[in-house]
Amino acid sequence: MNYLIAVLSDRIKAEEAYTALEKANIPLQQVSILGKGYKTADEFGFLDPSREGRKNSIRMAYWLIPFGFFGGYTFDAITGLDTFAWAGTPFNHIIGGFLGAIGGAMGSFFVGGSGTLLQGASDDLPYRNRLNAGKYLVVVQGNDFIKNKATLVLQPLKPENLQGYVEN
């Protein structure tokens with residue numbers, strides 16, 4: 001799916017752009033206005049990077065915590081280290097497993113979650129920031145023909161930013 005996203009400074013300009021697209025016979029089912037009083041980023045489908053980071057972190061934790069426990073238990077059993085002499089042999093292995101599970105949890109947080117939190121999940125973050133700053137977005141979805149026609153209609157309105165995207 002192709003997208004054309006125009007960033008406009010206020011509601012009046014966003015409505016003017018919507019009206020111009022309507023007059024140019026662009027199907028209104030393929031045109032959306034995002035901003036205060038219209039669709040939100042979540043309603044439109046922009047990704048929230050913090051939510052995606054949490055989902056990635058939890059998804060990785062399902063695998064890394066048990067794997068860390070098994071790895072810690074096995075490492076302690078193979079090496080024969082008596083790290084916690086007070087615990088005895090079987091509990092020493094179990095403590096090693098718990099320490100490995102803690103390492104797996106840390107790995108799922110730092111690798112699965114924090115990378116997305118710091119970098120953002122995609123190109124959606126700058127548009128989210130503009131919506132939070134009170135700007136409006138006019139988004140046109142469709143094939144190349146509709147996107148090119150909408151570009152010709154929106155350029156004379158001098159949006160702050162006009163950018164096309166192709167979603168894979």
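Predicted model: local features only at pLDDT ≥ 70, side-chain atom pairs only at ≥ 80, totals over all residues.
Local features need pLDDT of at least 70 and side-chain atom pairs count only at pLDDT 80 or more, while totals for chains, interfaces and linings use all residues. Residues are numbered from 1 along each chain as its sequence is written, and side-chain values use heavy atoms, with hydrogens and water left out.

**View 1. Strand 2 and its pairing with strand 3.** Strand 2 covers residues 31-34; strands (E, at least two residues) and helices (H or I, at least four) are DSSP runs numbered from the N terminus. Val31 and Ile33 point one way, Ser32 and Leu34 the other, and all are buried (under 20% relative accessible area, 1.4 Å probe, protein chains only). In a regular strand, side chains alternate between the two faces of the sheet. Strand 3 (residues 136-142) runs antiparallel to strand 2 and is joined to it by four bridges; pairing requires at least two DSSP bridges. Leu34 stands opposite Leu137 of strand 3.

**View 2. Phe110 in helix 4.** Helix 4 spans residues 89-119. Phe110 counts as partly exposed because its relative accessibility is 48%, the class between 20% and 50%.

**View 3. The second largest pocket.** A pocket is an open set of points on a 1 Å grid over the protein atoms alone, where a 1.4 Å probe fits, with protein on both sides within 12 Å along at least five of seven lines; lining residues have an atom within 4 Å of a point. The volume, the space filled by probe spheres set on the points, is about 160 Å³. Of 11 lining residues, Gly35, Lys36, Thr40, Leu131 and Asn132 lie nearest the centre. Helix 2 (41-44) and helix 5 (124-132) are the elements that give two or more residues to this lining. Helix 5 supplies the largest share, three residues.
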